[in-house]
Amino acid sequence: MNGKHIGVAVAALVLATLSASVAAGEPTGKSKGNVARGKYIVEQVAMCTDCHSPRNERGEFIRERWLHGAPLDFKNTVPMPKWAEAAPPLAGLPGWSEKELVTLLTTGKDQKGEQPDPPMPPYRMTRDDAGAVAAYLKSLPPPSGK
Ligand code: HEC
């Protein structure tokens, strides 16, 4: 085999492994790239931080408590039957497996098969995006005592 053929064989193997893990419903990899993509989705696209990170009295994020959960600092302006008062910690995924979080972010259903109360958005991410988010959140140190 020459170098080009080996490269093709390796690429095929990588693809086969990737699609096998997608089919099994597992988050696809805990590689650095996936964590970086998860960070991007959490901080820049889905804005999980907006609700799940506490702020100080000047409204600035408290970086040491990044994604440690927070009381909601806004309310709905029309009556809603349900409205959560706080968003739970996400750093280190306390109480959640990566797989459970992927299910929540792809189907909107939590471990009990229920939808979290608003304003938690009912995300319908792709499995890859949800896996990246799970890998990033898992990589963060959990709040102490959890
Ligand atoms: C607009 C505010 C908001 C945003 C944005 C948001 N959340 Fe939430 N999240 C909440 C609230 C409020 C709750 C608590 C809901 C409840 O008590 O039922 C919650 C609950 C959760 C829970 C626990 C669900 C359960 O059933 O116990 C997880 C996990 C979670 N959020 C993950 C995320 C992730 C990951 C993102 C970003 C991809 C995100 N959230 C973005 C507000 C938000």
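1. Let me start with one histidine. Setting aside neighbours within four places in sequence, H52 is in contact with L67, H68, G69, A70, A87, P88, L90 and M120, where contact means heavy atoms within 4.5 Å. H52 sits in helix 3; helices here are DSSP runs of H or I with at least four residues, strands are E runs of at least two, and both are numbered from the N terminus. H52 is buried, because its relative accessible area is 9% and buried means under 20%, exposed over 50% and partly exposed in between, with a 1.4 Å probe and protein chains only.

2. A word on what you are looking at. This is a predicted model, in which local features need pLDDT of at least 70 and side-chain atom pairs count only at pLDDT 80 or more, while totals for chains, interfaces and linings use all residues. Residues are numbered from 1 along each chain as its sequence is written, and side-chain values use heavy atoms, with hydrogens and water left out.

3. Now the overall layout. The protein chain has 5 helices and 2 strands, and from the N terminus on they run α-α-α-β-β-α-α. Of its 146 residues, 32% count as buried. Among contacts between residues at least 6 apart in sequence, 51% join residues at least 24 apart.

4. On the oxygen side, D110 places a polar side-chain atom 2.7 Å from an oxygen atom of the ligand, and a polar backbone atom of D117 is 2.8 Å from an oxygen atom of the ligand.

5. Next, the open space. The largest pocket holds about 510 Å³. Of the 27 residues lining this pocket, H52, P88, L90, P116 and M120 are the closest to its centre. A pocket is found on a 1 Å grid over the protein atoms alone, as an open set of points with protein on both sides within 12 Å along at least five of seven lines; a cavity is a set where a 1.4 Å probe fits but cannot get out, and lining residues have an atom within 4 Å of a point. Points are joined across faces, edges and corners, and the volume is the space filled by probe spheres set on them.

6. What is the pocket lined with? Helix 3 (48-52), strand 2 (86-87), helix 4 (98-107) and helix 5 (127-139) each supply at least two lining residues. By class, the lining has 24 nonpolar, 1 polar and 2 charged residues, with Ala, Val, Leu, Ile, Met, Phe, Trp, Tyr, Cys and Pro counted as nonpolar, Asp, Glu, Lys and Arg as charged, and the others, Gly among them, as polar.

7. There is also 1 cavity of 30 Å³ or more, and the largest cavity has about 30 Å³ of space. L104, G108, Q115, P116, M120, P121, P122 and Y123 line this cavity, which gives 6 nonpolar, 2 polar and no charged residues.

8. Helix 4 deserves a look. Its buried residues are E98, L101, V102, L104, L105 and T106, and they pack against helix 5. T106 counts as buried at 17% relative accessibility, and a polar atom of its side chain lies 2.7 Å from the backbone oxygen of V102. Beyond neighbours within four places in sequence, T106 is in contact with Y123, R124, M125, T126, R127 and A130. After helix 4 comes G108, with a positive phi near 85°.

9. Finally, some backbone details to check in the loops. The peptide bond from P118 to P119 is cis, with omega near 15°, and P119 lies in the loop between helix 4 and helix 5. Two residues other than glycine have positive phi: M47, near 55°, and L67, near 60°. M47 is partly exposed at 36% relative accessible area, whereas L67 is buried at 0%.

Conventions
A polar contact is a pair of N or O atoms within 3.5 Å; within protein, one must be able to donate a hydrogen and the other to accept it, and residues adjacent in sequence count only if both atoms are side-chain atoms.
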